[in-house]
Amino acid sequence: MNMQTPRRFLPSTSLLAAFEAAARTGSVTSAARELSLTQSAVSRQIKLLEEQLEVDLFSRERQSICLTAAGEAYAREIREALRKISTASFNLRANPRGGTLNLAILPTFGTRWLAPRLPRFLALNPGITINLATRLTYFDFRSEALDAAIHFGPRDWPGVEMALLRSEQVVPACSPELKKEYDFRSADELKRAPLLSISTRPNAWDQWFLTQNIAGGSGQTMYFDQFATVSQAAMVGVGVALLPSFLIQDELASGRLVRALDLPMESAERYYLVWPPERSAYPPLVAFRDWLLAESAADRQD
């Protein structure tokens with residue numbers, strides 16, 4: 001049920017501006033000068049506001065005014081509200097495509113791939129604010145206040161629009177010490193070591209072994225809920241993990257992780273930007289989508 005706020009609790013900005021100026025300056029005369037109004041106009045607006053709220057905001061003695069306790073508390077709240085409205089209006093005028101984008105992200109993709117690039121987007125779109133929320137699986141846009149999401153999986157999310165961002169290759173990676181200990185020579189020999197996997201991809205190792213024409217399951221497998229923990233476990237020698245190569249470039253370059261075998265597999269799933277159809281033309285999303293697709297295309301060419 002839509003509960004509409006009673007009108008008396010939503011005074012016009014002209015009444016609020018007159019009250020705030022008088023409260024801040026302590027003078028109807030000063031408020032009138034600031035607002036380019038007559039003293040009687042400011043006094044009348046303040047009186048209308050008090051009548052609308054049914055609360056005395058000022059006590060009046062002779063020619064002076066003084067905030068009541070209620071007026072003082074209300075002035076603080078109103079001042080902040082007017083500041084936000086003013087800032088939002090200024091930002092919108094400076095950047096008509098401005099606004100807020102509420103985006104769901106995958107944790108590792110968000111921290112490793114997206115976050116280092118976000119300053120470039122924000123510099124190009126100074127009026128846009130991005131709020132990030134972590135989501136690992138599908139969700140219902142109708143029940144969550146999110147404008148879009150970065151998703152990894154098949155193209156089967158019903159009720160949304162999607163734009164392909166990129167594919168990925170996963171590689172069996174481990175610590176240098178573990179590779180030296182097991183001295184892997186063939187794909188089948190990986191079954192001798194503990195295998196690490198992420199819980200949202202429970203069949204990843206089975207798929208990898210099948211690409212190597214090896215059947216019979218994947219042996220001992222430990223599951224983790226996020227790539228950050230599975231990659232850390234691999235770095236400290238717990239086992240061999242199947243990890244997206246583009247997300248572990250720093251670890252491979254530094255030697256904290258090595259390829260147990262140079263046998264990459266392209267994942268059947270892809271990374272997508274997804275959004276509900278009703279948000280398709282939302283200016284912050286349009287700006288972010290165009291930028292993200294350009295970044296993804298440039299990344300694939302590197």
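How many nonpolar, polar and charged residues form the lining of the largest pocket? In this predicted model, the lining of the largest pocket comprises 26 nonpolar, 10 polar and three charged residues. The volume of this pocket is about 610 Å³. Its lining is made up of 39 residues, and those closest to the centre are Leu136, Phe152, Gly153, Thr200 and Arg201. Two or more lining residues come from each of the strands E3 (99-105), E5 (148-153), E8 (195-198) and E10, and from each of the helices H5, H8 (204-211) and H9. Strand E5 gives the most, with five residues.

The second largest pocket holds about 310 Å³ of space. Thirteen residues line the second largest pocket, and Trp113, Phe246, Leu247, Gln249 and Asp299 are the ones nearest its centre. The elements with two or more residues in this lining are H5, helix H10 (249-254) and helix H11 (283-301). Helix H10 accounts for the largest share, three residues. By class, the lining of the second largest pocket contains four nonpolar residues, one polar residue and eight charged residues.

One cavity of 30 Å³ or more is present in the structure. The volume of the largest cavity is about 70 Å³. Its lining is formed by Thr108, Arg112, Phe227, Ala228, Ser231, Leu243, Pro244, Leu247 and Ile248. At least two of the lining residues are supplied by each of helix H5 (107-114), helix H9 (227-235) and strand E10 (240-244). The most come from H9, which provides three residues. Six of the lining residues are nonpolar, two are polar and one is charged. Helix H5, which contributes to the cavity lining, also gives two or more residues to the lining of the largest pocket and to that of the second largest pocket.

The packing of helix H1 was described against two other helices. Two packed helices are described by the angle between their axes and the distance between the axes. Helix H1 (residues 13-25) packs with helix H2 (residues 28-35) at an angle of about 125°, and their axes are 8 Å apart. This angle makes H1 oblique to H2. The two helices cross in a right-handed sense. On the H1 side, the contact involves Ala17, Ala18, Ala21, Ala22, Arg24 and Thr25, and on the H2 side Ser30, Ala31, Glu34 and Leu35. Six of the residues in the contact of H1 with H2 are nonpolar, two are polar and two are charged.

Helix H1 also packs with helix H3 (residues 39-53), at an angle of about 110° and with the axes 8 Å apart. H1 and H3 are therefore roughly perpendicular to each other. In this contact, Ser14, Leu15, Leu16, Ala18, Phe19 and Ala22 of H1 meet Val42, Gln45, Ile46, Leu48, Leu49 and Gln52 of H3. The contact of H1 with H3 consists of nine nonpolar and three polar residues, with no charged residues. Ala18 and Ala22 of H1 take part in the contact with H2 and in the contact with H3.

Conventions: Residues numbered from 1 in each chain as written. Predicted model: local features only at pLDDT ≥ 70, side-chain atom pairs only at ≥ 80, totals over all residues. Heavy atoms only, no water. Axes fitted to C-alpha atoms, helices over the stretch in contact; angles between N-to-C directions. Helix = DSSP H or I, 4+ residues; strand = E, 2+ residues; numbered from the N terminus. Parallel < 35°, antiparallel > 145°, perpendicular 65-115°, else oblique. Left-handed = near helix turned anticlockwise from the far one by under 90°. Contact = heavy atoms within 4.5 Å. Nonpolar A, V, L, I, M, F, W, Y, C, P; charged D, E, K, R; others polar. 1 Å grid on protein atoms, 1.4 Å probe; cavity = no way out; pocket = protein on both sides within 12 Å on 5 of 7 lines; lining within 4 Å. Points joined across faces, edges and corners; volume = space filled by probe spheres on them.
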